[in-house]
Amino acid sequence: MLGNMDFTDRREAGARLADPVRIAVHHAAIESSLTVVAIAPGGVPVARPILAALSQDAVDTVFTQVSYLDGEVAGAPAAPGLLPSSAAATNLVIVVADGVETGRAALSVAAALAQAGWERRWLAVPVCPRQTRPALDRHYERVIALVTPLARRSLRWHYADREDA
């Protein structure tokens with residue numbers, strides 16, 4: 001870590017988050033396939049090590065990304081092939097972002113996934129303020145976070161380099 005920064009960059013954050021996510025999936029005894037949805041652009045480099053860790057455990061994983069801009073979610077929930085069938089609705093989707101500040105993007109993605117029929121939603125982020133956590137807990141079955149500051153603040157406080165997408 002550099003100075004007061006928690007992570008060098010998003011790739012390191014993803015590498016550190018990968019093992020806790022893999023262990024949580026293992027302990028939850030996920031026997032069906034799961035989907036990893038990265039909130040682009042920052043969630044993509046965080047998600048890559050998570051995907052690698054899950055594939056080592058032979059977890060059947062689908063990867064896609066969504067965008068969040070001006071309160072709108074575009075991408076995976078409406079993409080053909082990702083709308084769950086009645087059987088797939090019980091499968092797990094793990095949403096990955098480079099962190100949470102207000103939670104607006106993560107909550108919007110959760111709402112879009114819920115509307116598309118995804119009942120089991122987890123959120124995996126390197127940073128999640130305790131102030132924001134209660135709202136996330138209402139929309140995600142599980143929130144996995146490495147750094148949990150008391151209050152919200154810019155993600156720039158946690159990364160030495162955020163230009164690594």
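This is a predicted model: local features need pLDDT of at least 70, side-chain atom pairs count only at pLDDT 80 or more; totals for chains, interfaces and linings use all residues.
Local features are reported only at pLDDT of at least 70 and side-chain atom pairs only at pLDDT 80 or more, while totals for chains, interfaces and linings use all residues. Residues are numbered from 1 along each chain as its sequence is written, and side-chain values use heavy atoms, with hydrogens and water left out.

The protein has 4 helices and 6 strands, taken as DSSP runs numbered from the N terminus (helices are H or I with at least four residues, strands are E with at least two). Along the sequence these elements follow the pattern α-β-α-β-β-β-α-β-α-β. Of its 165 residues, 47% count as buried, where buried means under 20% relative accessible area, exposed over 50% and partly exposed in between, computed with a 1.4 Å probe on protein chains only.

**Helix α1**

- Helix α1 covers residues 10–27, and its 18 residues reach 26 Å from the first C-alpha to the last, close to the 26 Å expected at 1.5 Å a residue (the expected span is 1.5 Å times one less than the number of residues).
- At Leu17 the helix α1 bends by about 30°, and Pro20 follows within four residues; the bend is the angle between axes fitted to the seven residues ending at a residue and the seven starting there.
- Leu17 is also one of the buried residues of α1, which are Arg10, Ala13, Gly14, Leu17, Ala18, Val21, Ala24 and Val25.
- The N-terminal end of α1 is capped by Asp9, with a side-chain oxygen 3.2 Å from the backbone nitrogen of Arg11, whereas just after α1 Ala29 takes a positive phi of about 55°.

**Strand β1**

- Strand β1 (residues 34–40) is largely enclosed by the rest of the structure, because 7 of its 7 residues are buried.
- Both faces of β1 are covered, with Leu34, Val36, Ala38 and Ala40 buried on one side and Thr35, Val37 and Ile39 buried on the other.
- β1 pairs with strand β4 (residues 92–96) in the parallel sense over 5 bridges, a pairing that requires DSSP to find at least two bridges; the bridge partner of Val37 in β4 is Val95.

- Phe7 and Tyr159 form a tilted aromatic pair, 5.5 Å centre to centre with 35° between the planes (rings of Phe, Tyr and Trp, the last by its six-membered ring, pair if their centres lie within 6.5 Å; planes under 30 degrees apart are stacked, over 60 edge-to-face and the rest tilted).
- Phe7 lies in the segment before α1 and Tyr159 in the segment after β6 (142–147), so the pair ties together parts 152 residues apart in sequence.
- Phe7 is buried at 0% relative accessible area, and Tyr159 counts as buried at 2%.

Note on methods:
A polar contact is a pair of N or O atoms within 3.5 Å; within protein, one must be able to donate a hydrogen and the other to accept it, and residues adjacent in sequence count only if both atoms are side-chain atoms.
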